[in-house]
Amino acid sequence: MTPGARIAAATEILDTWNEGEAVEKLLTNWGRRSRFAGSKDRAAVRDLVFDALRNLNRYAAIGKGRDGRALMIGRLFALGEDPDHYFTGEGYMPEALSDDERLQGDTTGVVNLQEWILPKMQDSLGSDFEANEKALCHRAPLFLRVNTQQTNVEEVIARLAKEQIIARPHSLSPTALEVTENPRRFAGSEVFRTGLAEIQDAASQAVSDLVPVKGRVLDFCAGGGGKSLALAARGATVVAHDISQARMRDIPERARRAGVHITQTDLKGLKAQKPFETVFADAPCSGSGSWRRDPEGKWRLSQARLIDILEMQAEVLRTASGFVAQNGGLAYATCSVLRDENEIQCERFLAENPGWKAVSQHRFTPVQGGDGFFLMLMQRG
């Protein structure tokens, strides 16, 4: 596909996305319909769509519209490119520009967030708001977690280099590597196949590094098991639980590949176990710290949905705390930067549960390189 044809495909996908369809579904369906598109074409179209969603308000202001065509025109102007090179109407390229489309719109005061959440983000991030808002408009790096049960950072860097995958250490975690060249090759690499490294955000690793691993650890909201694996690699005896057993289906294979053991259980099985020295609850959240990876979430989140999320988080805290042994710890985490989901949520829990106390609090933001994360460590007295 030519660059212009890729823009035409992205335009079509964005138009349908504006009607309410999920972006991943749209990209999958387009790929199935477009047998002529190779892997590089599919990746390029995906990048165009995701970049437009990260910068939706800005590109819409420049292109003077929120439809796919206006967003692609706005994107090209924003990158300093001439849209006339790609909008010619020839072959599979989009129709030529009108005189009005050649005039850029004004971006004064434009922020790539929904209006209702803007004050919450400003309050939560304070003086760091502007830098983080800009960071969320860029694609996130690919981070790897080195499996220190089997190898070390230097060995993984060397092995990846043999497959033309260039990586470097990252300051957020001693196990974190940032892939700087050929990130899409990692899934097919020997390093991945042999369990020497897994994909995991650097801030997510930093959170896992801070969770105590003495005694038995319950990963209460385990999901796909990324943090369970990180905890097990540190020597923890890990029990993984999730309200959805389907979310944990990949854990056995991931654990086998990594050379660690993780026990899975449902809520009924969990209630039959003795209390845990540490319970880790990576709670459902808005995902506001990871909107670089999931830019659609930035526009689909609603005020009503946030209220539902806050209620779920409070229930997670209440339920997870019941599995903590006397003098044990509760680690509450989200991949959100919003105070409502983080500090305020924990303050409310502590106020309602006088037998608990705060031990430490940690916040990570996209400006530091990884996703936005929050962690509060609490202890049962």
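How many disulfides does the structure hold? The structure holds zero disulfides, a disulfide being a pair of cysteine sulfur atoms within 2.5 Å. Cysteine 335 is in no disulfide, and its nearest cysteine sulfur, that of cysteine 285, is 3.3 Å away. Cysteine 346 is in no disulfide either; for this residue the nearest cysteine sulfur, again that of cysteine 285, is 13 Å away. Cysteine 346 counts as buried, because its relative accessibility is 0% (buried means under 20% relative accessible area, exposed over 50%, partly exposed in between, with a 1.4 Å probe and protein chains only).

The model is predicted: local features need pLDDT of at least 70, side-chain atom pairs count only at pLDDT 80 or more, and totals for chains, interfaces and linings use all residues. Residues are numbered from 1 along each chain as its sequence is written, and side-chain values use heavy atoms, with hydrogens and water left out.

The count of aromatic pairs comes to three. Rings of Phe, Tyr and Trp (its six-membered ring) pair if their centres lie within 6.5 Å; planes under 30 degrees apart count as stacked, over 60 as edge-to-face and the rest as tilted. One of the pairs joins phenylalanine 220 and phenylalanine 323, with ring centres 6.1 Å apart and planes at 35 degrees, so this pair is tilted. The two residues lie 103 residues apart, in distant parts of the chain. Phenylalanine 220 is buried at 7% relative accessibility. Phenylalanine 323 is buried too, at 12%.

Charges also sit over rings (NZ of Lys or CZ of Arg within 6 Å of the ring centre and within 35 degrees of the ring normal). The charged end of arginine 216 lies over the ring of phenylalanine 276, 4.0 Å from its centre. That of arginine 257 sits over phenylalanine 192, 4.3 Å from the ring centre.

How values were computed:
Helix = DSSP H or I, 4+ residues; strand = E, 2+ residues; numbered from the N terminus.
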